[in-house]
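Here is a short note for a colleague who is opening this entry for the first time. Please read the points with the structure in view.

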Amino acid sequence: MSSRVQVIAAGIAVATLGSWCASLGALAFNQASTDTARAALVERESRVAEAEGKVARDRHRMETLTADLVRRQQFIRQVVDAHLGELPEDAGMAAEPARARPADRISMGAPSPDLLAQVEADQLALVARLTRYADARSEAAIASIRRLGLNPAAMVRSARTAEGGPLLKLATSSDGSVDPRFAQMGRSLARMGALENGLASIPQVSPAHVAYVSSSYGYRADPFTGGAAFHAGLDFPGPMGSPIYAAAKGRVTFVGQKQGYGNCVEVTHGNGLMTRYGHLSGFRARVGQEVEAGALIAAMGSTGRSTGPHLHFEVRVNDRPVNPRPFLDAARNAHKENH
């Protein structure tokens with residue numbers, strides 16, 4: 001083989017080898033490009049999946065928070081309706097005219113995180129104000145009860161001695177729990193209600209509209225024997241048939257005759273309190289009747305052990321007679337203060 005042929009053959013071989021190497025290089029480059037593109041695609045898919053997961057988690061958190069805010073609003077509404085009836089304006093809780101109320105804003109479609117945060121802040125602020133308001137009213141009731149010589153704590157305990165009914169659970173979150181701040185508001189409102197109901201059940205209304213008391217509570221000379229005796233109430237003299245009123249709200253538990261009292265009415269007020277009205281000429285109430293303070297329950301008379309038309313009025317605590325005068329004096333003082 002001539003040298004010329006050898007050179008040509010070597011050139012062909014080198015060209016073929018070069019072409020082969022170029023093909024391998026191109027293949028390797030394409031493979032690397034494909035791998036890079038695939039890796040970039042996988043990374044993008046991972047980022048998309050992560051973003052979708054974050055969106056799903058955020059959506060779930062938003063839905064949970066929205067549902068919890070609705071539960072909290074229902075909790076507030078139920079507790080306020082039970083103990084206050086409506087939000088009191090004097091507690092600084094009137095609805096603001098320029099802003100939607102929390103319940104309205106919660107019910108809007110697709111609320112933003114900022115809106116939900118504002119609604120939550122508004123709810124917590126309302127709960128704090130309601131708690132302070134209830135505590136202030138409780139303290140006022142406690143002061144009034146103590147001025148009458150009674151024990152406020154005993155009244156609150158007594159309010160819980162007879163309870164029952166179906167279980168209607170309240171919750172402020174999806175797991176069935178109650179936020180401690182909401183629970184404290186509920187306890188404060190319940191305590192306020194117990195104290196104010198107890199105060200309203202204390203005899204503080206004069207049972208007869210007369211000018212004076214003819215016989216006071218305590219020791220006296222018996223009008224029949226002249227000997228020393230204990231008088232367990234107050235005597236209010238007046239014309240026959242004069243109206244007799246319930247001294248506090250309660251339930252009529254006795255209508256009839258009792259020895260020494262003649263025709264008699266008894267009203268039970270709760271917390272161990274009972275009022276007795278004796279020497280009556282007629283009845284204007286029946287056993288089991290619920291009466292408000294000042295309700296007409298009887299007519300003045302002179303039945304039983306009596307020397308003339310008058311009302312014998314007793315206040316009893318756990319069936320033990322106590323002086324009615326402090327209760328009626330406290331009522332008169334409260335009336336003067338309010339006018």
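1. The side chain of Asp179 makes a polar contact with the side chain of Arg72, at 3.4 Å. A polar contact is a pair of N or O atoms within 3.5 Å; within protein, one must be able to donate a hydrogen and the other to accept it, and residues adjacent in sequence count only if both atoms are side-chain atoms. A polar atom of the Asp179 side chain also lies 2.8 Å from the backbone nitrogen of Arg181.

2. This is a predicted model: local features need pLDDT of at least 70, side-chain atom pairs count only at pLDDT 80 or more, and totals for chains, interfaces and linings use all residues. Residues are numbered from 1 along each chain as its sequence is written, and side-chain values use heavy atoms, with hydrogens and water left out.

3. Asp179 sits in the loop between α4 (152-159) and α5 (180-200). Helices (H or I, at least four residues) and strands (E, at least two) are DSSP runs, numbered from the N terminus. Asp179 counts as buried because its relative accessibility is 10%; buried means under 20% relative accessible area, with a 1.4 Å probe and protein chains only.

4. Leaving aside neighbours within four places in sequence, Asp179 is in contact (heavy atoms within 4.5 Å) with Arg72 and Thr172.

5. Now the whole protein. Its secondary structure comes to six helices and eleven strands. Of its 339 residues, 34% are buried. Among contacts between residues at least 6 apart in sequence, 68% join residues at least 24 apart.

Note on methods:
Buried < 20%, exposed > 50% of the residue type's maximum accessible area, 1.4 Å probe, protein only.
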